[in-house]
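Here is a short report on one chain and its annotated residues. Have the structure open while reading.

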There are 10 protein chains.
Amino acid sequence: MTPIMSKSTAAELVVSARIRRGLTWAGIAEQLGTPVVWTTAALLGQHPMSAEQADRACQLLGLGEEVAESLQLQPSRGSDPATMADPTIYRFSEALSVYGPALKALIHEEFGDGIMSAINFQVDISRRPDPDGDRVVITFDGKFLDYKW
Amino acid sequence: MTPIMSKSTAAELVVSARIRRGLTWAGIAEQLGTPVVWTTAALLGQHPMSAEQADRACQLLGLGEEVAESLQLQPSRGSDPATMADPTIYRFSEALSVYGPALKALIHEEFGDGIMSAINFQVDISRRPDPDGDRVVITFDGKFLDYKW
Amino acid sequence: MTPIMSKSTAAELVVSARIRRGLTWAGIAEQLGTPVVWTTAALLGQHPMSAEQADRACQLLGLGEEVAESLQLQPSRGSDPATMADPTIYRFSEALSVYGPALKALIHEEFGDGIMSAINFQVDISRRPDPDGDRVVITFDGKFLDYKW
Amino acid sequence: MTPIMSKSTAAELVVSARIRRGLTWAGIAEQLGTPVVWTTAALLGQHPMSAEQADRACQLLGLGEEVAESLQLQPSRGSDPATMADPTIYRFSEALSVYGPALKALIHEEFGDGIMSAINFQVDISRRPDPDGDRVVITFDGKFLDYKW
Amino acid sequence: MTPIMSKSTAAELVVSARIRRGLTWAGIAEQLGTPVVWTTAALLGQHPMSAEQADRACQLLGLGEEVAESLQLQPSRGSDPATMADPTIYRFSEALSVYGPALKALIHEEFGDGIMSAINFQVDISRRPDPDGDRVVITFDGKFLDYKW
Amino acid sequence: MTPIMSKSTAAELVVSARIRRGLTWAGIAEQLGTPVVWTTAALLGQHPMSAEQADRACQLLGLGEEVAESLQLQPSRGSDPATMADPTIYRFSEALSVYGPALKALIHEEFGDGIMSAINFQVDISRRPDPDGDRVVITFDGKFLDYKW
Amino acid sequence: MTPIMSKSTAAELVVSARIRRGLTWAGIAEQLGTPVVWTTAALLGQHPMSAEQADRACQLLGLGEEVAESLQLQPSRGSDPATMADPTIYRFSEALSVYGPALKALIHEEFGDGIMSAINFQVDISRRPDPDGDRVVITFDGKFLDYKW
Amino acid sequence: MTPIMSKSTAAELVVSARIRRGLTWAGIAEQLGTPVVWTTAALLGQHPMSAEQADRACQLLGLGEEVAESLQLQPSRGSDPATMADPTIYRFSEALSVYGPALKALIHEEFGDGIMSAINFQVDISRRPDPDGDRVVITFDGKFLDYKW
Amino acid sequence: MTPIMSKSTAAELVVSARIRRGLTWAGIAEQLGTPVVWTTAALLGQHPMSAEQADRACQLLGLGEEVAESLQLQPSRGSDPATMADPTIYRFSEALSVYGPALKALIHEEFGDGIMSAINFQVDISRRPDPDGDRVVITFDGKFLDYKW
Amino acid sequence: MTPIMSKSTAAELVVSARIRRGLTWAGIAEQLGTPVVWTTAALLGQHPMSAEQADRACQLLGLGEEVAESLQLQPSRGSDPATMADPTIYRFSEALSVYGPALKALIHEEFGDGIMSAINFQVDISRRPDPDGDRVVITFDGKFLDYKW
């Protein structure tokens with residue numbers, strides 16, 4: 001028996017097919033009718049897709065059933081440290097290192113003792129035009145969960 | 001000669017005075033006329049304040065000149081790993097570990113090869129009411145910087 | 001101004017007073033009317049207490065107001081790695097290392113894609129008599145949170 | 001000579017076959033007559049199975065003898081750090097980081113100087129219905145071992 | 001209130017007093033009627049002593065009550081990595097790194113799936129005269145615990 | 001040219017053959033006339049065997065010349081951290097973390113400034129029957145080496 | 001479908017072809033009309049090349065289209081720790097460890113609170129003849145970015 | 001006897017005095033007649049100063065003899081990891097991580113097998129006006145040392 | 001195109017051929033007319049060989065051109081941590097951990113502020129007969145480089 | 001009771017006194033009649049001194065009895081990682097990383113399976129005049145210990 005293709009292999013094929021077919025992540029998301037950050041994350045292996053979503057994505061990308069099967073797998077989430085050191089990703093970590101304690105203080109001030117959920121959670125990204133250079137705007141939107149015994 | 005008070009000692013005094021005087025971070029920011037995340041981060045030691053800002057903050061908090069002097073120091077930025085493991089802060093790191101590669105892919109798709117600046121950058125936090133439980137909304141807004149030789 | 005006593009100093013005083021007064025954690029919890037694991041964790045610095053809880057605890061322990069003030073502080077949660085290596089605590093980490101992937105698989109099977117909350121969460125401990133040697137029974141009880149965009 | 005298949009390869013095949021055959025872990029455990037967490041952990045490589053258990057499991061999963069041979073191997077136990085960072089598993093580690101010292105204190109108070117065994121030990125998982133959202137209930141049940149010279 | 005003296009401070013005083021009084025660890029153990037490795041470990045902070053043992057030890061060493069109080073504390077066990085790198089201690093770690101997998105294989109062969117307990121456990125050390133140079137003989141003697149569900 | 005088989009590949013084949021042939025480590029050692037811990041460690045790759053020992057071992061195990069060639073290689077000794085975290089091996093590390101400083105103190109007291117050699121060194125393992133459960137007895141026996149300039 | 005060749009495989013082929021064809025990095029850069037450090041970094045996988053640049057480079061090196069395709073990929077930037085420990089590269093890290101805080105102080109003195117961009121950034125290397133031994137001169141030239149909210 | 005003041009304490013006093021007296025690092029360097037990066041690094045504890053340099057610096061800064069004594073000490077060089085994570089310093093590390101292998105390749109191409117010395121070495125920093133925003137220019141200038149047996 | 005063989009593969013083949021042909025490192029060095037430590041290090045991948053040296057070495061070892069090509073490659077120097085933990089290599093690290101600060105102090109006393117070069121550097125090894133057991137004598141001989149601005 | 005002064009405090013006082021009295025390490029060693037590297041290492045806390053050696057050293061340095069008492073303590077040997085990163089010490093580590101596997105190969109070739117003792121061991125340092133710049137010569141001389149069961 002062949003084991004189900006790993007999600008990292010599937011992601012590698014998705015990335016290759018996307019480039020060769022000249023598709024955009026945004027375009028794929030639009031075709032699937034799913035949010036763009038969620039879709040990109042799912043195709044890179046961080047969320048399981050439904051059978052329909054996986055089939056539709058593979059059809060768009062010209063990929064076979066073994067990729068679609070993999071995209072439906074329950075993932076083991078997270079990225080390896082080497083990936084997190086890439087400058088484009090590192091800037092987020094740096095911002096957290098600078099603003100994390102302030103965000104904690106303000107979450108507690110506004111909501112009490114608890115956290116912003118990273119599970120009941122969504123992320124969006126947009127471009128904000130600015131005469132001094134356009135800006136990347138990322139929004140983290142998570143349900144507040146209070147420490148409740 | 002006494003050395004200038006360290007920013008961590010100053011932050012400890014700021015936190016203690018804020019609690020004892022019953023002030024909020026938002027209230028202090030409003031009094032200073034500065035954004036709330038910036039103000040909180042600066043008082044916790046991550047940004048230098050101007051002499052006026054530092055004096056005004058210490059007046060509000062009933063703290064002496066040696067704290068105001070410290071608040072104006074150029075900081076060595078960043079938080080220690082123990083602090084970053086606190087659950088309220090960790091959720092942001094976890095979200096980055098899950099969505100970081102997707103955000104990188106989408107920044108490159110929309111803007112080309114480059115990064116979101118963590119320097120020409122601002123953060124905001126707000127509460128979004130939701131019948132299923134209110135939500136924490138954090139916005140990261142940074143200038144796009146393209147790799148330019 | 002004296003800064004508020006750190007939660008680790010407060011915990012050290014709580015531990016010392018508890019031993020010298022011959023009190024038990026269970027007894028203190030009973031007096032406070034709060035669950036025993038929550039109470040012990042709070043007195044060791046992992047949860048903020050209300051003013052009443054803190055005052056009542058300090059009264060029982062013969063500790064002063066500066067300890068009560070500290071017990072109400074919002075904590076930065078977590079334990080340092082040296083503490084986690086103590087054999088009594090390490091056995092839990094070992095069990096997670098052995099059973100963690102199985103628990104993940106079973107949570108997904110029973111509940112779908114999501115996690116057991118560590119925030120909306122409670123822990124209990126009890127002794128189960130057994131002729132072959134009594135048993136420690138620890139129950140983790142957390143709300144299921146599904147990945148919801 | 002071909003070496004015996006590694007337990008990680010066997011686990012990969014078990015996972016793939018389970019999904020493709022539409023079996024549940026609970027169903028496999030029931031068929032084997034073994035506890036569900038133990039069974040899942042054993043099939044993922046953390047416990048050796050008896051020849052009968054391994055053969056029966058492979059028959060259910062449509063896997064060959066080389067998998068059954070591997071499932072009987074004495075394992076080298078434990079999970080790699082990347083796996084432990086998956087959010088579903090991490091929440092347990094976080095809970096231990098918050099409640100570990102309290103559990104240690106309460107074990108010593110109730111039982112004296114010693115540990116909860118992670119060897120003479122069993123884990124169970126169940127769903128507890130709750131109007132505010134169902135709950136995951138995990139029970140760790142280990143024999144108390146006292147430090148005995 | 002003064003907190004109870006930490007076990008590391010107590011150990012430092014024990015070591016200093018032992019040297020200045022010209023006592024041996026073996027002699028102290030003999031006086032206490034306790035095994036020599038256990039006694040040394042307990043005085044260095046790895047085991048709690050009974051009140052009688054602690055008082056008797058402090059009397060021999062000319063140390064005060066605050067040391068005796070500390071010696072009775074429940075310890076957080078383990079040594080820091082810097083200490084473990086000392087050559088005299090490192091040789092044991094090296095031997096484990098070379099012979100650990102062999103010992104694991106032989107324990108499983110002789111006893112089945114399980115471990116040698118480090119809790120129901122004792123250590124002894126002796127000198128074995130040898131014409132080629134005397135030998136250090138360390139015996140680890142722990143109860144076998146089998147994986148039992 | 002084919003490179004000589006790595007000692008880890010050889011060990012994997014030895015382990016597989018031993019199981020399939022139903023041999024014990026003790027039995028192999030007896031056949032070779034070599035101590036059991038040494039033999040097991042050597043077959044797992046931690047000691048070089050003589051040509052005769054390697055040939056004899058491979059004959060018993062039904063393995064070819066390329067394995068015998070590998071068993072004679074000078075090893076790079078040591079085990080990887082993942083292996084050392086297996087519970088059966090970890091208990092030894094834990095015992096060292098608890099008793100290491102005591103053993104150091106007692107070695108210095110009895111022998112002076114120096115170490116127990118891990119080179120001029122032997123390990124033995126035996127079972128000691130005990131009505132409360134049989135015990136694993138491990139003996140480390142190494143020549144004392146004093147710091148000598 | 002074959003995935004696009006990884007940038008590390010492409011770099012390995014570039015390095016091999018460069019040596020076998022007797023080309024220099026400087027010569028390749030001259031042929032491409034691009035700066036030498038940028039070109040070398042891009043061919044080693046740290047910058048995406050345009051289709052023209054990639055095709056031209058592969059033509060010079062006698063490499064096929066699959067390499068050219070890889071050279072155009074958006075990279076995940078950064079080098080692994082083993083590479084950074086090579087003595088030729090380590091000297092730069094050492095210099096930063098010695099002069100980093102001084103450079104930080106001088107950047108703040110001359111420019112205010114901010115950083116030298118590593119994105120809007122170029123590096124050059126040259127040889128400066130010196131009777132006591134020629135010198136390597138590396139210039140880092142990055143736009144100043146001030147902390148701007 | 002009082003031990004000589006540590007270089008980190010001396011640096012703290014230098015920094016405090018410099019701010020309070022309104023001196024610049026460049027101004028101090030000019031007064032001492034020494035290069036500005038060297039001077040700043042030396043005052044921050046990375047190079048020993050001559051007695052004259054140390055006395056002259058302390059006179060300018062209004063610091064006592066015990067600081068001057070410390071500035072002459074032979075340093076143990078290097079910065080701690082927390083400092084190296086400050087964004088202003090981190091950008092240099094990031095640039096090395098991206099361009100390090102390219103610089104290594106070009107040093108070997110131009111000079112042969114060897115390194116740029118970090119000992120026979122100097123650093124300079126300057127501002128280069130640019131209509132798009134001024135630039136920080138850092139020059140590393142080190143003697144080439146070839147691997148010579 | 002086949003990439004040039006990696007230096008680690010080349011080293012593996014060199015080691016295998018050396019054993020099978022019954023050659024010694026010293027004998028190979030003598031044939032090449034190069035110092036023995038340098039030769040061994042170069043064949044293990046730490047120094048580039050000239051074309052003649054590489055060809056001559058491969059001829060002695062019966063290895064092909066693809067190995068000779070690899071031996072001429074510019075290496076990325078250094079050994080991985082697992083290798084450095086082998087007892088025979090670790091003893092050197094231990095000696096440095098014990099004597100490093102003393103050697104630093106004595107280098108500064110005798111030569112002033114600077115280092116012993118590890119580039120303009122040679123190592124030799126010899127056997128010194130001793131009635132109490134022969135001794136390994138290793139000599140490190142490097143040019144002194146003073147901190148020179 | 002005052003605990004015995006720690007060896008790190010004693011070393012700090014020794015270093016301060018040595019500088020203020022204008023003594024050299026070599027001079028102190030000569031006065032004590034002990035080898036210079038041993039003496040420096042012992043005064044820095046890596047070897048216990050005899051009472052006479054300690055008294056004589058303290059007399060030369062003008063230090064009190066509490067230092068002499070500390071110098072006789074049995075040390076916990078080794079240096080912290082920050083110290084080992086100092087460039088003067090790091091060069092030795094780098095050399096080991098480059099030549100360690102070669103030295104291992106040559107020790108095994110010349111002596112068989114075993115190690116160079118780091119206990120029955122001495123180090124010497126000398127200056128070798130050279131027209132191209134004087135050289136630091138370090139000799140490690142340790143007894144060979146063969147793996148002997």
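Setting aside neighbours within four places in sequence, A:S117 touches A:G142, A:K143 and A:L145. The model is predicted. A:S117 sits in strand 1 of chain A, residues 114–128. Its relative accessible area is 1%, so A:S117 counts as buried, the cut-off being under 20%.

The UniProt entry, which is unreviewed, annotates A:R91, A:E94 and A:S117 as "active site". Of these residues, A:S117 is included in the lining of the second largest pocket.

A:E94 belongs to helix 7 of chain A, residues 87–111. Which residues does A:E94 contact, leaving aside neighbours within four places in sequence? They are B:A118, B:I119, G:Y147, H:P87, H:Y90 and H:R91. A:E94 is buried because its relative accessibility is 4%.

| Residue | Element of chain A | Relative accessible area |
|---|---|---|
| A:E94 | helix 7 (residues 87–111) | 4% |
| A:S117 | strand 1 (residues 114–128) | 1% |

Now the chain as a whole. Chain A holds seven helices and two strands. Their order along the sequence is α-α-α-α-α-α-α-β-β. Along the principal axes, the C-alpha atoms fill a box of roughly 55 × 50 × 30 Å.

Chain A has 149 residues, and 58% of them count as buried. Take the contacts in chain A between residues at least 6 apart in sequence: 53% join residues at least 24 apart.

Chain A carries 13 positive and 19 negative side chains. The centres of these two sets are 2 Å apart.

How values were computed: Residues are numbered from 1 along each chain as its sequence is written. Chains are lettered from A and ligands numbered from 1 in the order in which they are written. This is a predicted model: local features need pLDDT of at least 70, side-chain atom pairs count only at pLDDT 80 or more; totals for chains, interfaces and linings use all residues. Side-chain values use heavy atoms; hydrogens and water are left out. Buried means under 20% relative accessible area, exposed over 50%, partly exposed in between (1.4 Å probe, protein chains only). Contact means heavy atoms within 4.5 Å. Lys and Arg count as positive and Asp and Glu as negative; His and the chain ends are not counted. The place of a charge is taken as NZ of Lys, CZ of Arg, CG of Asp or CD of Glu. UniProt positions are given in the numbering used here, feature names are shortened, and annotations may be inferred rather than shown by experiment. On a 1 Å grid over the protein atoms alone, a cavity is a set of points where a 1.4 Å probe fits but cannot get out, and a pocket is an open set with protein on both sides within 12 Å along at least five of seven lines; lining residues have an atom within 4 Å of a point.
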